[in-house]
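Hi,

Here is the structure I promised to pass on. My notes follow below it, and I hope they are handy when you open it up.

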Amino acid sequence: MFKRATNHQEPAVQITVDGLPVTARRGDTVSAAILTAGCVEPYRYTAVNGTPRAPYCMMGVCFDCLVTIDGIGNRQGCLIPVSDGMVITRQNGKREIES
Amino acid sequence: MSFPESLHAAYDVIVIGAGPAGLAAAATTAEAGLRTLLVDENSAPGGQIYRAITTSPLKNSSILGKDYEAGNDLVHTFEKSGADRLAGCTVWSLDRERVVGLSCGGEARLIKAERVIIATGAMERPFPIPGWTLPGVMTIGAGQTLLKSSGLIPSGRLALAGQGPLLWLYAAQILRAGGHIAAIFDTTPLANYISAALHLPGFIFSPYWTKGLGLIREVKRAVKIVTGVTRLEAQGKNKLQTLVWEAGSRTGSIDLDVLMLHQGVVPHVNLAMAAGIKHEWDAIQLCFRPVLDESGNSSIKGIMIAGDGAGIGGAESAAERGRLAAIDTVANLRPDALAQIPSRDNVRNRLAQTMRGRAFLDHLYRPSKVFRIPQDASTIVCRCEEITAGEIRASIAIGATGPNQLKAYRRTGMGPCQGRLCSLTVTELMADERGKSPEEIGYYRLRSPVKPISLAELASIPQDETAIKAVVRG
Amino acid sequence: MNHTESTNEYDVAVIGGGLLGSSIAWGLGRLGQRTCVLDEGDVTKRASRANFALVWVQSKGLGLPEYTGWTVRASETWSKLSDEIKAQTGIDVCHQRPGGFHLALSEKELEDRRLSLRRLHNQPGATDYKIEILDHDEVKKQLPHIGPDVVGGTYCPLDGHVNSLRYLRAIHSALKTSGVDYRPEHRVSTIEHRNGEFKISTEQGEIRAGKVVLAAGNANMTLAHMVGLKAPMSPTRGQILVTERTVPFLGFPLTTIRQTDEGTVMIGDSREEFIDDTVQNLPINAVMADRARRMFPLLNQLNIVRTWSGIRVMPKDGFPIYDQSETCPGAFVTCCHSGVTLAPNHAFDIAPMIAKGALDLERVGAFSARRFDQIQVQSSGYY
């Protein structure tokens with residue numbers, strides 16, 4: 001949905017989104033990285049009616065950017081910077097927990 | 001990120017939010033020798049207006065503009081001041097005793113301050129049109145955040161819709177960054193030009209006048225503009241495909257990949273409301289704002305509010321209001337240090353200058369009722385719980401008189417955003433439907449945690465005997 | 001049977017539009033009584049918006065065996081109520097009765113529980129409600145996610161839960177379709193009994209009714225005296241935590257934890273004499289969270305999205321009060337803590353008595369407020 005406007009000088013950061021390798025840039029938030037990768041749509045499905053959603057506000061207020069990061073669900077992707085090796089999983093409905 | 005070793009157990013001043021108000025306030029109290037902690041949810045300082053000012057990949061001002069650069073001074077001054085900063089840290093609780101609940105790296109802590117300055121700024125006003133929850137529809141603020149922090153511009157066909165200075169600024173920035181905008185749908189009600197004209201003299205002498213006109217001219221040269229827009233509907237199956245629009249009797253549709261919406265900003269009141277601070281309805285800016293004295297003191301002793309969270313005034317006035325709150329704090333906690341910081345009169349004068357032209361902008365960009373109160377029954381109002389305008393009206397018909405009974409009936413405001421994206425719409429819709437003022441209808445009763453925290457974090461808060469006895473009772 | 005707003009005369013005026021008042025009013029509407037419900041506005045003390053939504057039997061009635069029988073009856077008739085409400089409004093209030101658990105986190109807690117259940121069981125006239133005392137392994141068969149700190153617990157097959165907020169919406173919807181006037185923003189200031197009718201002053205004018213039912217929760221305390229009744233109350237505050245929506249993992253409600261049909265997990269509950277419901281006691285939330293994660297360690301990961309405090313409607317001894325006035329015939333007082341559990345009794349039992357004009361003392365005489373005249377009744381602590 002987004003592309004880089006400039007010849008980006010920031011170092012690359014390798015993450016995976018739903019198992020796919022994605023190259024992000026230092027300074028990207030998780031949401032920015034997913035929106036730029038373009039390989040995964042929709043961003044998530046809601047916990048209430050299972051409708052597709054994507055980040056709306058990018059400033060931490062709307063909670064439409066929720067993703068699972070390194071096994072922890074319902075995290076605000078728009079507030080969390082990417083880091084090398086981060087494993088991101090899209091959410092399909094309600095939060096899942098493991099015992 | 002986690003709590004640093006150097007963090008103190010208590011502070012003279014805790015400032016919440018590292019935008020212009022928070023940076024200026026924290027720098028000023030720290031310069032006066034008060035032990036100051038600045039807490040912010042983002043990893044880098046700047047707030048929304050100066051988002052990613054220290055880390056943006058757009059290194060020169062040719063895209064983002066000179067005003068953005070002003071954030072550098074605020075950050076530098078802050079960094080020299082000796083205040084502590086906690087980045088990537090969420091404030092989830094604030095009580096009347098000024099105990100601040102913090103969450104950082106999966107750990108929760110309570111830290112007490114003599115003074116708390118809330119500088120949580122503004123958020124974009126909800127823009128509840130049919131289809132606004134579709135992937136591909138986002139706010140202009142969101143687009144600008146992606147531009148500032150990652151140098152991103154939309155790919156595919158983009159349109160902007162709405163009104164306000166940010167719309168024109170972002171449009172210009174996108175064009176300068178090499179992006180393309182298929183169309184801009186301007187929702188400014190034509191009648192606003194007349195009501196705003198009364199306030200034109202103040203505006204002409206403000207810096208907004210030339211800057212604003214220049215931006216609009218720059219954008220109009222390159223983009224098709226539809227003015228007087230009266231209806232917008234985003235359509236698409238699993239993502240945005242088409243925007244259908246009406247402007248009076250003119251109608252049309254346009255295929256899009258990204259639609260960005262914006263109709264001004266409103267104070268982000270959740271933390272202040274949850275703390276129990278008294279708020280009132282601002283009939284001009286069409287939002288709730290805290291009841292404050294001239295320095296920013298709220299109805300709760302020792303808790304102040306500065307910046308756009310105190311009522312929308314823009315970035316420059318936010319910084320001055322942050323300084324005013326800081327000066328009042330120093331006057332109370334360390335009056336002998338007042339000589340080391342700017343005088344109240346100077347700050348007041350600068351604040352007055354920065355507020356020039358505000359009335360004109362408030363009137364010109366007062367959003368139209370049709371975009372604040374959804375007319376289509378199927379339009380979602382509460383994005384978290386997926387509750388529509390029709391369901392809210394049906395709830396009023398069976399007896400909901402205000403947001404809190406509605407919440408019980410329909411769960412509006414009970415989701416993770418805790419009413420941030422629906423509360424204003426709910427209040428205005430109920431007021432409209434019931435023939436009451438928004439003030440009479442009121443707001444959701446908010447409580448901590450204002451942002452979700454894990455059960456493990458909450459469980460780690462110190463317990464006491466009384467608390468245990470209140471829970472464990474056989 | 002529908003009235004316009006200008007109609008201010010009714011057979012019955014019910015004061016209080018929470019679960020209790022609304023259930024009675026709905027029952028009265030079914031019987032053809034011209035009924036209104038007078039309620040306060042948006043922000044007021046509302047136990048009907050702040051409850052744990054259990055339909056609960058186990059451990060109720062210590063000190064008043066009739067309360068056990070009354071509660072068991074409610075548990076047996078809840079499904080009838082939810083069926084009728086669904087048929088009338090289309091709203092499913094998700095009543096379920098899988099049985100319920102109470103878990104103990106130490107041998108002492110389990111022993112205390114065992115003792116009080118034995119005392120309850122040994123009361124003359126006690127209704128058997130088939131409670132079982134279980135050890136850790138027996139609990140684990142039904143609740144596989146319990147942690148090692150759970151020593152054991154009790155299970156009662158009559159226990160269940162419901163979506164109480166949806167019931168509030170459903171019963172208010174049902175009032176509308178039954179022709180009962182629900183009138184919010186009608187806070188009652190005075191009630192006068194004159195010439196055989198009740199004149200009720202509200203913030204929006206006077207309402208007249210042949211009968212009046214006080215169902216105003218703790219506010220009954222002040223209203224009751226106006227019609228020759230009494231309702232000694234001792235409200236307490238309780239706090240609740242609510243998590244984000246989660247995939248189902250908990251098939252049974254517990255006294256302090258339940259997963260709603262929507263997926264959120266509610267965690268309770270505390271009891272304090274301090275009754276300001278606008279503030280929170282964080283250490284209490286910490287204790288509740290800590291106990292919840294010891295019961296179910298997987299809860300550690302979940303986010304708490306909301307917490308709140310509410311004021312319990314609580315008669316002085318913890319048991320319901322149903323009474324009628326001798327000096328002002330036609331005036332009734334109803335209050336109880338368990339407005340969710342007892343809703344079917346209020347709709348199907350109490351409402352017909354009120355329609356007839358007199359309580360059936362054979363059935364509910366034990367709940368008269370006259371019990372407070374005789375001895376200092378001790379609270380059982382369980383409600």
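Salt bridges first: counted over all chains of this predicted model, they come to 59.

One of them pairs R53(A) with D64(A), at 3.1 Å from N to O. R53(A) sits in strand β5 of chain A and D64(A) in the loop between β5 and β6, 11 residues apart. Both of these residues are buried.

D64(A) also forms a salt bridge with R383(B), where the closest N and O atoms are 2.7 Å apart. R383(B) belongs to the loop between β21 and β22 of chain B, so this pair joins two chains. Like D64(A), R383(B) is buried.

Over in chain C, R237(C) and E272(C) form a salt bridge with their closest N and O atoms 2.9 Å apart. R237(C) lies in strand β12 and E272(C) in the loop between β14 and α7, so the pair ties together parts 35 residues apart in sequence. R237(C) counts as buried at 1% relative accessibility, and E272(C) counts as buried at 13%.

A few words on chain A as a whole. Its secondary structure comprises 1 helix and 8 strands, in the order β-β-β-α-β-β-β-β-β along the sequence. The radius of gyration is 13 Å, close to the 13 Å given by the globule rule for 99 residues, so chain A is as compact as a globular protein of that length. Of its 99 residues, 56% are buried. The mean positions of its 10 positive and 9 negative charges are 5 Å apart.

Best wishes

Technical notes. Residues are numbered from 1 along each chain as its sequence is written. Chains are lettered from A and ligands numbered from 1 in the order in which they are written. This is a predicted model: local features need pLDDT of at least 70, side-chain atom pairs count only at pLDDT 80 or more; totals for chains, interfaces and linings use all residues. Side-chain values use heavy atoms; hydrogens and water are left out. Helices (H or I, at least four residues) and strands (E, at least two) are DSSP runs, numbered from the N terminus. The radius of gyration is taken over C-alpha atoms; the globule rule is 2.2 Å times the number of residues to the power 0.38. Buried means under 20% relative accessible area, exposed over 50%, partly exposed in between (1.4 Å probe, protein chains only). Lys and Arg count as positive and Asp and Glu as negative; His and the chain ends are not counted. The place of a charge is taken as NZ of Lys, CZ of Arg, CG of Asp or CD of Glu. A salt bridge is a side-chain nitrogen of Lys or Arg within 4 Å of a carboxyl oxygen of Asp or Glu.
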